[in-house]
Amino acid sequence: SYQYGLDNDKHWRCFAEHCKATTFADLPSDYLAAKWRFHPAEFITVMRRCGWLNETEFTQLLPQNAIRKSRGVVLWEFISSAATSRTIKYHRIPLNRALRKWCIDTPLRQATFFGNSVQETQWWSLLAEASGSSLWYAPWYGRGFLQLTNPDNYVAYWRYRARTIPEALHAQMVNAYEQIASMAPASRENSGLQDINFPALTSEMKAWRAHIEGIPREGNKEAKFAPSDSAGYYWAKNNMSKEADRTHVLERVTIQTNKGNKIYYRSQGFWRASATVNLPTAVKRTNYTGINGFDARCVAYGYALAVLTEMRFANSSGQIDLFFPDSHSPRRDAK
């Protein structure tokens, strides 16, 4: 109580009067006579250690607007929560469980996770990469809350799940992937990794792959479990906790959009963690270049920091006194 000045008699009397005005009048006498004190902020701090998010809190993590670059123009776009709501209702419990299982259990770890996940899943509207079937690495395109891509990552997750994948099949698919990846982008074709090229790929394995996409199916427990668990596995595999635990020193960034100047916040801690799962060769870069959609990830990261942590944001004068990222506002439909 000392840090709030409640050892001061005058301050304590004011606090006591406030408590009387906001509490029940018929509390037991033993409770009223107890020799203890607590500050509401400390109570909230303790309760926030729970880390279990309800539907409203998940919705609060969704930005109102996002940054998207298109043909050299930076667009400032509104994000609807309609599709997100369906995703949250179906996946909220398994995602909460995965956060605990894989030790994504501090505010900064969760802010780092959601900063990437919300953007990668098109603001939680899809758990599969957009136009995935047309990409050169299809059908091994991104799936899950932290999207697994390429056959090597899928097989690694399956083997963690104690599933048997023949080494010859694994090597064949990885070799095909690496061969196509080494080509110039304009030369990459969509046929090289198709399932028909790999006769040893069973229907069961194809089902495992589809499970990570998380499409609701009656009685299919894997469709609920796999998208979240695979994301936690991928987080741990790439040691993202180490990067997320770094000091997050926020840098205020101004960007010109079709709706005028907008603000987002970034940090080297968030950059390094994001790079570990998107572009490992860029982890040590300090110029924030190379990761697809990093500006948009930072928008989601800022919302997650505001919702999950006690961090403050710099205003236009450089004073760190904003409770919410500048240019942004809390989602009004998060009731």
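Predicted model: local features only at pLDDT ≥ 70, side-chain atom pairs only at ≥ 80, totals over all residues.
Local features were taken at pLDDT of at least 70 and side-chain atom pairs only at pLDDT 80 or more, while totals for chains, interfaces and linings use all residues. Residues are numbered from 1 along each chain as its sequence is written, and side-chain values use heavy atoms, with hydrogens and water left out.

So what counts as a salt bridge here? The term covers a side-chain nitrogen of Lys or Arg within 4 Å of a carboxyl oxygen of Asp or Glu. Going by that rule, the model has 16 salt bridges.

One of them pairs Asp105 with Arg109, whose closest N and O atoms sit 3.5 Å apart. This pair belongs to a network of salt bridges that links Asp105, Arg109 and Asp245. For accessibility, buried is under 20% relative accessible area, exposed is over 50%, and partly exposed lies in between (1.4 Å probe, protein chains only). Asp105 has 45% relative accessibility, so it goes down as partly exposed. Arg109 comes out at 15%, which means it is buried.

Another salt bridge joins Arg246 to Glu243, with an N to O distance of 2.5 Å.
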